[in-house]
Amino acid sequence: MATINVTDENFKTDVLESDKPVLVDFWADWCGPCKMIAPALEEISDELGEQVTIAKMDIMENTGTPAEMGVQSIPLMVLFKNGEAVARKVGAAPKSQLKEWLESEI
């Protein structure tokens, strides 16, 4: 399962109202570390797609949700369960660490 793109318009439906956990990667095109982790998140999405949805939100194109979430540094990954933010991870990390962190939270 590939990552999905979320926007300010569909964030509530695709993330907060999702029936399974959703990891949202807040990123921007100019962010080197964001680009570095993107392939790892795609692979994790394929590997854990039954358990969690991996979503990406471009903070330059969508400013409302990141502002509401208090996004100050990117990449920022926020895990949502039942409409609530339950875990946050700031910064890039190797795929193994990202997957281990996510599996411990879902």
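**View 1. The disulfide of C31 and C34 in a predicted model.** The torsion about the S-S bond of C31 and C34 is about 80 degrees, so this disulfide is right-handed. A disulfide is here a pair of cysteine sulfur atoms within 2.5 Å, and the sulfur atoms of C31 and C34 lie 2.3 Å apart. The structure holds 1 disulfide. C31 counts as buried because its relative accessibility is 5%, and C34 counts as buried because its relative accessibility is 2%; buried means under 20% relative accessible area, exposed over 50%, and partly exposed in between, with a 1.4 Å probe and protein chains only. This is a predicted model, in which local features need pLDDT of at least 70 and side-chain atom pairs count only at pLDDT 80 or more, whereas totals for chains, interfaces and linings use all residues. Residues are numbered from 1 along each chain as its sequence is written, and side-chain values use heavy atoms, with hydrogens and water left out.

**View 2. The largest nonpolar core and I74.** A nonpolar core is a set of buried Ala, Val, Leu, Ile, Met, Phe, Trp, Tyr and Cys residues joined through side-chain atoms within 4.5 Å. Of the 19 residues in the largest one, V6, F11, V15, V24, F26, I74 and F80 touch the most other members. Two or more residues of this core come from each of α1, β2, β3 (53–58) and β4 (76–81), and β2 gives the most, with 4 residues. Such helices (H or I, at least four residues) and strands (E, at least two) are DSSP runs, numbered from the N terminus. When residues up to four places away in sequence are not counted, I74 touches F26, W27, A28, W30, C31, C34 and I59, where contact means heavy atoms within 4.5 Å.

View 3. In helix α4 (residues 95–105), the buried residues are L98, W101 and L102. Seen down the axis of α4, these buried residues fall within an arc of 95 degrees, so they line one face of the helix; the arc is that of the directions from the helix axis to the C-beta atoms. The face of α4 turned away from this buried side carries the exposed residues S96, E100 and S104. The buried residues of α4 pack against β2, α2 (32–48), β3, β4 and β5 (84–90).

**View 4. S18 in its loop.** S18 is placed in the loop between α1 (11–16) and β2 (22–27), and it counts as buried because its relative accessibility is 17%. A polar atom of the S18 side chain lies 2.9 Å from the backbone oxygen of K20.

Technical notes: A polar contact is a pair of N or O atoms within 3.5 Å; within protein, one must be able to donate a hydrogen and the other to accept it, and residues adjacent in sequence count only if both atoms are side-chain atoms.
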